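Dear colleague,

Please find below the structure I am handing over to you. My notes on it follow directly after.

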Amino acid sequence: MTKASDLLVSALESEQVERIFAVPGEENLDVVESLRKSRIELIVTRHEQAAAFMAATHGRLTGRPGVCLSTLGPGALNFTTAAAYAHLGAMPMLMLTGQKPIKSARQGRFQIVDIVGAMRPLTKMTRQIVSAASIPTLVRDAFRIAMEERPGPVHLELPEDIAAETADVALVHPHPIDWPVPAHATVERVARMILAAECPLIMIGAAGNRPRLVEPLSDFVRRTRLPFFNTQMGKGAVTGSSELYIGTAALSERDYIHEAIDAADLILAIGHDTVEKPPFLADAAGVRKLIHVGYLPASVEQVFYPDAELIGDIGASVTALALELDGRIQPRRSLGPLREHILARVNEGADDGRFPVTPQRLVRDVRRVVPEDGIVCLDNGMYKIWFARNYRTRIANTLLLDNALATMGAGLPSAIMAKLLCPGRRVLAVCGDGGFMMNSQELETAVRLKLDLVTLIIVDGAYGMIRWKQAVDRFPDYGMTFGNPDFVAYAEAYGAHGHAVRSADELAPTLAAAFEAGGVHLVSVPIDYSENIRVLVEELAKEQGPARRPDS
Ligand SMILES: Cc1ncc(C[n+]2csc(CCOP(=O)(O)OP(=O)(O)O)c2C)c(N)n1
Ligand SMILES: [Mg+2]
């Protein structure tokens, strides 16, 4: 006979779980004791939301669910934002929560919230465990569902009395699963459409960024030599081929990249997920053909409706497509000259010596300090648009941003996870002064874990992105500013190192020195956000025509 909590932890071990991020409660103590005796490391965080952001990022970077644990009611509810982050971002994750005993109620309704119900719209599966004997199958099923396309979060609730029960039951072990592949006739039909196009263009979307797709997708781009752009979450999906990269669609229309999109007569959208803010708006006249390559059929949206679909394992699909296309693609119109023009315009301002620094300069300096395999994890704010547009990646999964839930607060937790997974690589969190303060308490976690981690805080004393939107929509400048702590003193209070950048030329050397020194560093830099209006509104409107509606 095995205790339920031991069964749960053995089942997690059998799923190769190495760490659990947690803020435990008394209802989790059986599980905590089982973890103590296991190979799994228990990492406590200072807020459940951060624990779940870390677990989600584990899923994002490895394709295998990260696991987080909380108590019932208040702790479990703190998971919900990160559950939505994983759900919209297609990141596999398992949330485990405790609950009061279900066979008796000696505390009445104290702390009891229907967490299984609360998790329903935020997960792919949410279940209460009602018997020890069901644990092996439930855990296996939870992992299968979390990893299956489209990946996402799952939730299991383990009540206190069930955790202490025993059962005589064997584990259910995982087995390898292959995704279905599209029929050859479909591959041929799509290949014919590409060959008939005068100016085909690849777009890589969020689902193109699954870790297992790095090889096949990079190979596809190399072999077809078709120019490509990406959505924000498709950024950095392929390794190499930077000479074919045309840009990132950070806005939905009227950015320089849209000149290439408008020039193309066919877009091969690989892994586009319409959860992202539209990378372009569908061509109402239907002149430009759109092909969707995806694990699942495209959801038809007002802004995205394909003419053909290649459904199944994206890796197998693009490999089969490359075989059909090999040596046969001769676009009649080249996007080469347009590419030069787009990249040159996007790069303007990178040398600006102004202080506070401009966003273009900031992105360039970060790129100089972060090596090709270094990982930059963005929180959510105005600078995300600048990083999406201007930051060049050459290795897959080296820029993590969230264009799905687009939540604030995930920057530092996701960077902590990236560093735990890639200890030999430089990891930088980039946060606004708003978003950073939403989970800044995790500095303590980073210090306790003895990570080498740098966080760059972009200081404008405001919820800058909303302030920008307010200005774009011609509302008066009102209500978006706040005061900040002394970030150097704040870092030092945590036992981390703090640096305040005082000139544009100091930024890159300060970041470089922080990486070289090791340990946890906070670098604050003031930013000149007047560029948001000057470039993203006025300059683009002048050159590209006014947007149908200003959009970020
Ligand atoms: C959790 C959450 N709350 C609110 C928002 C709305 N929001 C989007 S960006 C933003 C401002 C971010 O401010 P900051 O982190 O300082 O970055 P900045 O835009 O100033 O560079 C806000 C409030 C959000 N996306 N997520
Ligand atoms: Mg700000």
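Helices H17 (433-436) and H19 each contribute at least two residues to the shell around ligand 1; helices here are DSSP runs of H or I with at least four residues, numbered from the N terminus. The model is predicted, so to speak of local features a pLDDT of at least 70 is needed, side-chain atom pairs count only at pLDDT 80 or more, and totals for chains, interfaces and linings use all residues. Residues are numbered from 1 along each chain as its sequence is written, chains are lettered from A and ligands numbered from 1 in the order in which they are written, and side-chain values use heavy atoms, without hydrogens and water.

Ligand 1 is surrounded by 18 residues, each with a heavy atom within 4 Å of it. Asp433, Gly434, Gly435, Gly464 and Tyr529 are the closest. By class, the shell holds 9 nonpolar, 7 polar and 2 charged residues, with Gly counted as polar.

- a polar side-chain atom of Asn380 lies 3.5 Å from a nitrogen atom of ligand 1;
- a polar backbone atom of Ala462 is 3.0 Å from a ligand 1 oxygen atom;
- a polar backbone atom of Gly464 is 2.7 Å from a ligand 1 oxygen atom.

Of the 580 Å² of accessible area that ligand 1 has on its own, the protein covers 78% (Shrake-Rupley method, 1.4 Å probe).

Helix H19 (residues 464-472) also contains Ile466, which is partly exposed because its relative accessibility is 46%, between the limits of 20% and 50%.

Conventions:
Buried means under 20% relative accessible area, exposed over 50%, partly exposed in between (1.4 Å probe, protein chains only). A polar contact is a pair of N or O atoms within 3.5 Å; within protein, one must be able to donate a hydrogen and the other to accept it, and residues adjacent in sequence count only if both atoms are side-chain atoms.
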